[in-house]
Amino acid sequence: MLKFLRKYSSVRRFLCLCLVIVMAGTLCSCNIINRLLTALLTPERRTIPFSEMTYARPDFKSYQFTVETLTKQIKENKLSYKRQLSGLRDLNQAYWQYYTMYSLCYIYYALDTTNTFYTEEYTFFGETNPEMQAVMEDLFVACAKSKHKKRFESDYFGEGYLDTYTGGGQYSPELVALLQQEAQFLQAYHQAAGKGTVLYLGQERLLSQLLADAKSETERKNILDAYKQQTNKTLGNIYVSLVKTRLQIADLLGYDAYADYAYSKLERDYTAQMGAEFVAQVEQYLVPLYETLCKKGVDYPSLPSLAWEDILPITGKSLSNMDPLIKEVYTFLEEYELYDVSPSHSKINQEFTTYIENYDAPFMIINPRGNSDDLLAFAHEFGHFTDMYVNYNTNYTLDLSECASMTMEYLFMSHLPQDKVDLKENLEGYKMYDTLYVYVVQSAYTAFEQAVYQLSPEEVTRSKINAIAKDVADRFGIQGEDGDFGLTWTWVPHFYEQAFYCISYCFSNDIAFQIYQAECDKAGDGVSLYLDLIHWDLEQTFLENIERVGLVNPCSENRITEIRNFLSTYYGYYSQQAVA
């Protein structure tokens, strides 16, 4: 059995939470719960089969009253320090029960977005979670201003934890209302995006059914054009509302730009300006290579179809052969039914992994497409699953989380069974092109967001955003899914779920590729490097953890040109520009 890190004591479990935001922004594609906390690393897991986990709406009002009462007691300081400390510890159970139920609710909602019960429950959490953050912040501020501050930190919070709150809190009634509004728009997006229908020739039908029944390419194109126009209008108008709300949030919190707020919220140790400079380098050095390959007809290779029932048999063999720890995690996933890979039109149209706190259990969801790419989607989410399992979900840095998932895709390919040689070759060709595609497209997405969030609230209109999307598509040579990114930008879930998420794929893919190269050089080296990396040093940042295991900083000088030269060589594309 794995020897888990025991770095943090159980008394810090509850309060090393820096105002967890579980709604918009953390339950996103690859939708891990990015919580700023240090969880209790229990000697024995409390996991039970998912089918035995029961949902019940938590009594939020009662918990809110308890927190407010304790906050008042700490402010007044009439009770002994021992009783105040005991009051903090007594909050743990109800607090984690709330977020456990939130996770279960979101899973059930994602599995069937047409289920009215879980739609209403998801709305409940969207409304109460900002209020939860507000009352918790008030409690932290009270502790920070207490004469017992140092004792609270020594006995419970951790040294220096309360320094953030000595100047007061940020969760004003205005901010809570804006966060609730953001959650409402996000839910509206889920509902609209989950329909998958299009109005065509006076009938509203599923897009997939209409395309299957199309009698010619012309009819197929007409159906897709109608779908693009309709989703651009419906989802685009929701996005307009989201952006305007988010601009208000950043302004209320004193940020000059929303990008700065988003990077801060994601706990990045590189700035929005550094991100913009990275994107500019991709545009300068990688986009020309990408466009040249596109002109030559180089694209994702066709992958064979794959029944969803075959996903686990194939991934199970590959992952179980990789390493004893990986096999342990995979066995855990199967034994406790902590996944859903079945297709459904009512299922949320994305993949994610979340964490069910009181059961020490990650849970992953995939809505399969019916081809071998589903194997890579599974491997990606299993990377998140492994990170959460190994670290009891203590990792809170998005970029590290994506390192865990994107690396697993590469390592999975390297460990396919010997009777899957053709599949391995197909997937490796697919992933090599995907490496370039990720850099270019995710940077383009970031450039799109940079432009959108630089608009004033009055300028945020669907027509203006469509124009930005077209300009970005032209600059980066991308067309988006089924062409015409100027309309189909609304099909990118990350724009809704978490602004400025996409650049993490670029940084993390760089790390993943370095580990893959190590595995190619010597079997097992990449796996060992991966396991070393995902046993994160939680006192270090993303870039510090990368350097800790001897990997190259993606922000380092000439790194983008190194990637360009490697891919140019791989594709046999030589030019003065490619090798400069």
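Strand S4 (352-356) and strand S5 (residues 361-365) pair in the antiparallel sense over 5 bridges, where strands are DSSP runs of E with at least two residues, helices are runs of H or I with at least four residues, and both are numbered from the N terminus. Two strands are taken to pair if DSSP finds at least two bridges between them. Across this pairing Thr353 stands opposite Met364, and Thr354 stands opposite Phe363. The hairpin has 4 residues between its strands, and in it Asp360 takes a positive phi near 50 degrees.

The model is predicted, so local features need pLDDT of at least 70 and side-chain atom pairs count only at pLDDT 80 or more, while totals for chains, interfaces and linings use all residues. Residues are numbered from 1 along each chain as its sequence is written, and side-chain values use heavy atoms, with hydrogens and water left out.

S4 and S5 belong to an open sheet of 3 strands with the order S3-S5-S4 and mixed pairing. Strand S3 (339-340) and S4 are the edge strands, each pairing on one side only. S3 pairs with S5 in the parallel sense over 2 bridges, and here Tyr339 stands opposite Met364 of S5.

## Cover over the strands

In S5, 5 of its 5 residues are buried, a term for residues under 20% relative accessible area, with exposed meaning over 50% and partly exposed in between, for a 1.4 Å probe and protein chains only. In a regular strand the side chains alternate between the two faces of the sheet. On one side of S5 the buried residues are Ala361, Phe363 and Ile365, and on the other they are Pro362 and Met364, which leaves both faces covered.

Helix H3 (residues 92-111) packs on the sheet and touches S3, S4 and S5, contact being heavy atoms within 4.5 Å. The direction of H3 makes about 145 degrees with that of S4; axes are lines fitted to C-alpha atoms, for helices over the stretch in contact, and angles run from 0 to 180 degrees between N-to-C directions. Helix H13 (residues 373-391) lies across S4 and S5, running at about 170 degrees to S5.

## Helices H12 and H13

The axis of H13 also comes within 10 Å of that of helix H12 (residues 324-335), and the two cross at roughly 100 degrees. That makes H12 roughly perpendicular to H13, a class that spans 65 to 115 degrees, with angles under 35 counted as roughly parallel, over 145 as roughly antiparallel and the rest as oblique. Among the residues that make the contact are Leu325, Ile326 and Phe332 of H12 and Phe378, Phe382 and Phe385 of H13.

## Aromatic rings and charges

A search of the whole structure finds 68 aromatic pairs, in which rings of Phe, Tyr and Trp (its six-membered ring) have centres within 6.5 Å, and planes under 30 degrees apart count as stacked, over 60 as edge-to-face and the rest as tilted. The rings of Tyr258 and Tyr453 have centres 4.6 Å apart and planes at 15 degrees, so this pair is stacked. The pair links parts of the chain 195 residues apart, with Tyr258 in helix H9 (residues 258-265) and Tyr453 in the loop between helix H15 (421-452) and helix H16 (462-476). Both tyrosines, Tyr258 and Tyr453, are buried.

The charged end of Arg45 sits over the ring of Tyr392, 4.2 Å from its centre, a description that requires NZ of Lys or CZ of Arg within 6 Å of the ring centre and within 35 degrees of the ring normal. Lys431 lies over the face of Tyr410, at 4.5 Å from the ring centre.
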